[in-house]
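Let's walk through this structure together, one region at a time. Please have the sequence and the 3D view open side by side.

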Amino acid sequence: MPKRRIKHVTVLGSGIMGSGIAAHFANIGVQVLMLDIVPREISETDEKSGLKVDSPKFRNKIASENLEKLKKSSPALLYSPKFASRISVGNFDDDMSKIKNTDWIIEVVVERLDIKKSVYEQIEKHRTPGTLVSSNTSGIPINQLIEGRSEDFKKHFAGTHFFNPVRYLPLLEIIPTDVTAPEIVDFYLHFGEKFLGKTVVLAKDTPAFIANRIGVFGIMDLFHRVKDLGLSVGDVDKFTGPLIGRPKSATFRTADVVGLDTLIHVAEGVHSSGKESDTFKDRFVMPDYIGFMVNNKWFGSKTDGGFYKKVKTEDGKSEIYGLNLSTLEYEPQKKGEFPTLELTKNIDSPIDRFKVLITGKDKAAELYRLSLGSLFAYISHNVPEISDDIYKIDDAMKAGFGWENGPFEIWDAVGIDKGIELAKEAGYEVSDWVKSMASEGKTFYQITEDGQKEFFSISQKKFEKLQGGAHSINLDNLRKSKTLWSNSGSAIQDLGDGIINFEIRSKMNSVGGEVLEGLNRAIDLAEKEYDGLVIANQGTNFSVGANIAMILMMAADQDWYELNNAVAFFQNTMMRVRYSSIPVVVAPHAMTLGGGCEMNLHADRVVAAAETYIGLVEVGVGVIPGGGGTKEMTVRTMEKVHADDVKNNRLRDAFMNIAMGKVASSAYEAFDMDLFQEHKDIVVIDRKSQIYTAKMLAKSLAEHGYTQPIEKRVKVLGKDALGMFYVGTDQMLTGNYISEHDKKIADKLAYVMVGGNLSEATEVSERYLLNLEREAFLQLCGERKTLERMQFMLQKGKPLRN
């Protein structure tokens with residue numbers, strides 16, 4: 001069978017989900033046609049603009065306006081603004097015939113069966129046989145959608161349920177019909193993971209599929225329990241957010257953001273489906289206070305209020321009030337005292353907190369016991385109804401609802417027997433297959449001796465390997481058997497094939513002495529016994545930057561000798577990354593700031609996750625990049641200039657990126673900022689394959705005869721360019737755009753980037769620039785304003801970011 005290639009996609013519907021799906025296909029390089037309905041009537045404004053009912057501009061108005069919203073969305077839906085050119089627009093009446101040339105048609109119209117069926121009738125008239133067709137429905141039974149369609153249509157049709165925002169939430173549920181061809185199902189699964197970078201879960205055609213079914217049950221269960229326990233909405237959100245590895249929006253804020261009406265729609269869909277068991281059906285019935293909120297149209301962020309409301313106080317300030325579920329009035333939020341939460345203060349990993357949180361004596365612990373017990377019972381009875389395998393439920397909740405750990409992983413953490421006990425306390429019995437597992441002393445997951453994670457297959461009654469694919473590496477599974485060395489902030493693992501990995505494991509993956517020690521150890525080991533080095537981790541962020549507390553302590557004590565040595569150690573370590581005898585490949589993801597960015601700048605190659613937010617942000621704490629970042633951006637800029645008339649402009653752009661603490665909003669934007677380099681660094685959409693790709697790149701470099709590079713010399717511009725920068729910062733200060741301290745930082749940055757006060761353009765070494773960089777860094781650390789900024793950032797617990 002010939003391979004199926006996706007070069008062009010048509011998205012039918014341009015609303016929030018339609019435009020989000022269109023944007024994500026554009027992100028991966030696919031041409032997209034986005035269609036919507038023709039406006040029902042022409043407005044007075046349209047007529048004044050010269051539009052007529054038959055003009056294309058008017059007839060395409062809905063899709064065009066939604067494309068403009070897409071371009072301006074925040075956070076950005078596109079990896080780069082220029083990718084918008086890959087999306088064209090039209091309307092159903094005039095442009096449906098164009099689908100004959102498309103490879104995949106994705107329907108994203110309103111959630112009404114009759115409307116969807118009418119759209120499918122139009123598709124049938126123009127679709128080329130063999131073209132993929134899918135629906136983004138979140139609840140309509142998939143098999144009902146294909147009634148009356150041709151055999152070829154049915155064979156190629158499935159549900160493809162994306163989650164909003166499409167770019168940022170990685171879940172994609174694939175829901176085949178009873179007659180979808182197996183090879184088509186396989187294609188949807190493969191394409192979603194490899195090309196769209198999604199966590200793809202095969203779901204069954206059951207109400208709300210997997211993630212919404214489990215997630216909404218959990219929310220509804222809390223809705224029923226919170227009032228009985230006398231807890232506030234703020235209390236519950238404190239319990240059910242980052243403390244247990246869930247998003248900051250937790251429970252009630254999530255309902256406000258998603259929209260209470262949307263949540264009710266899903267819950268009522270499950271309740272009325274006739275497929276929910278009598279045991280849990282009552283959980284999908286709305287509590288009385290929800291009815292009151294619906295009558296008042298308190299749906300959340302889209303209306304005047306929800307569970308929270310922004311209120312103007314008597315002194316004119318805005319404050320967020322919470323809804324009192326007893327009085328149904330908004331009131332200032334009060335901080336409750338819950339001793340159970342204090343028990344987890346020294347437990348870093350959320351998965352390890354659950355076992356402690358259920359042991360307390362207060363209402364927080366009671367809520368944890370009851371909600372977890374309900375959840376455990378519910379998921380046990382939904383296997384195999386909504387999914388044959390437990391890991392698919394865990395994957396769905398992690399990727400669709402942002403949970404750090406799936407419900408079966410959490411159950412393993414508290415213990416299966418304890419989970420059964422919690423379910424009884426909540427008033428439920430778990431399913432028989434769980435009781436059978438417990439009697440045999442089994443768990444839901446296990447790690448084998450060779451570091452492979454396995455799940456317990458209910459149908460096979462034995463452990464089976466997770467379907468991670470041959471091209472994925474999970475460091476969690478390697479640590480037990482493949483760790484070569486570790487300290488408090490880092491570790492080195494053997495990835496096989498002559499390649500080792502250096503992993504940052506400090507708090508927030510900040511770069512301090514223990515990380516630099518580990519990195520030097522990794523380079524030593526690689527040079528002596530291996531062929532190459534990868535620098536990668538699978539934390540929330542690659543690295544938030546240097547350890548500010550260490551810098552602040554030495555600067556506050558005026559221990560300039562030790563601070564100088566610390567900065568020099570950082571610089572020398574980055575130079576070892578650049579000039580070692582083995583290839584070094586860095587694999588960044590998420591926040592890659594300050595020192596984390598500098599690590600990437602000095603690598604032989606970068607294999608970046610598409611969602612990499614990288615930048616040199618040190619100005620945010622009152623200094624310039626001191627780990628080779630200022631030097632490296634100067635070198636990169638000056639290597640690319642070829643004519644006198646563009647030198648200053650290129651250098652100015654690099655200077656402004658650092659001076660403004662600019663952070664790339666994606667890996668693709670990082671290329672535009674020269675943080676990544678064309679024809680050298682690469683971007684991967686599929687995070688699961690990132691470390692494997694980095695490993696294979698390091699292996700390839702070694703096999704093709706990697707030679708240790710020679711340190712560079714670069715021509716810098718000297719005092720003429722410095723004068724230009726000084727004039728610019730003077731004008732900024734005079735115009736009150738920057739403070740005196742900001743000007744001091746900018747002037748120091750300019751001084752380093754032009755090579756100091758040289759009388760003319762001069763060729764200098766990298767070491768020369770590093771010395772200037774370190775000197776400027778130390779001088780700025782001596783400024784009172786810098787110390788104040790560092791203290792403020794530490795108190796806020798913020799990453800080093802401007």
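Leaving aside its neighbours within four places in sequence, which residues is T251 in contact with? Those partners are I219, L222, F223, V236, D237 and T240, where contact means heavy atoms within 4.5 Å. T251 itself sits in the loop between α11 (233-239) and α12 (252-258); helices here are DSSP runs of H or I with at least four residues, strands are runs of E with at least two, and both are numbered from the N terminus. At 5% relative accessibility, T251 counts as buried. For this term the cut-off is under 20% relative accessible area, with exposed over 50% and partly exposed in between, using a 1.4 Å probe and protein chains only.

Before going further, a word on what you are looking at: this is a predicted model, in which local features need pLDDT of at least 70 and side-chain atom pairs count only at pLDDT 80 or more, while totals for chains, interfaces and linings use all residues. Residues are numbered from 1 along each chain as its sequence is written, and side-chain values use heavy atoms, with hydrogens and water left out.

Now look at helix α10 (residues 211-228). It is mostly covered, with 15 of its 18 residues buried. Its length also makes sense: at 1.5 Å a residue, the 18 residues should span 26 Å, and the end C-alpha atoms are 27 Å apart, which agrees. The expected span is 1.5 Å times one less than the number of residues. Just after α10, G230 takes a positive phi of about 70°.

In soluble globular proteins, nonpolar side chains tend to be buried together. A nonpolar core is a set of buried Ala, Val, Leu, Ile, Met, Phe, Trp, Tyr and Cys residues joined through side-chain atoms within 4.5 Å. The largest one in this model has 112 residues, and F223, Y289, F307, F408, W411 and F444 touch the most other members. Helix α18 (residues 363-381) gives the largest share of this core, 10 residues. Apart from it lies another core, of 83 residues, with V567, V577, F655 and M673 among them.

Not counting residues up to four places away in sequence, W411 touches F376, I379, S380, I416, G419, I420, V430, V434 and F444. It is one of the buried residues of α20, along with P407, F408, E409, I410 and V414. Helix α20 (residues 407-414) has 6 of its 8 residues buried, so it is largely enclosed by the rest of the structure. Just after α20, G415 takes a positive phi of about 100°.

Next, how many cavities of 30 Å³ or more does the structure hold? There is 1, and about 50 Å³ of space lies in the largest cavity. On a 1 Å grid over the protein atoms alone, a cavity is a set of points where a 1.4 Å probe fits but cannot get out, and lining residues have an atom within 4 Å of a point. Grid points are joined across faces, edges and corners, and the volume is the space filled by probe spheres set on the points. The lining is made of L616, M633, A654, N657, I658, K662, M673 and L675, and helix α29 (residues 644-659) supplies its largest share, 3 residues.

G615 is found in strand β22 (residues 612-615). With a relative accessible area of 0%, G615 is buried. Not counting residues up to four places away in sequence, G615 touches T592, L593, G594, C597, K662, V663 and L675.

Finally, the backbone has a few details to look up. A cis peptide bond joins S74 and P75, with omega about 0°, and P75 lies in the loop between α4 (61-72) and β3 (87-91). Another cis peptide bond joins V383 and P384, with omega about 15°; P384 is in the loop between α18 and α19 (390-401). K297 has a positive phi of about 60° although it is not a glycine, and at 55% relative accessibility K297 counts as exposed. D497 also has a positive phi of about 60° without being a glycine, and at 48% D497 counts as partly exposed.

Terms used: 1 Å grid on protein atoms, 1.4 Å probe; cavity = no way out; pocket = protein on both sides within 12 Å on 5 of 7 lines; lining within 4 Å.
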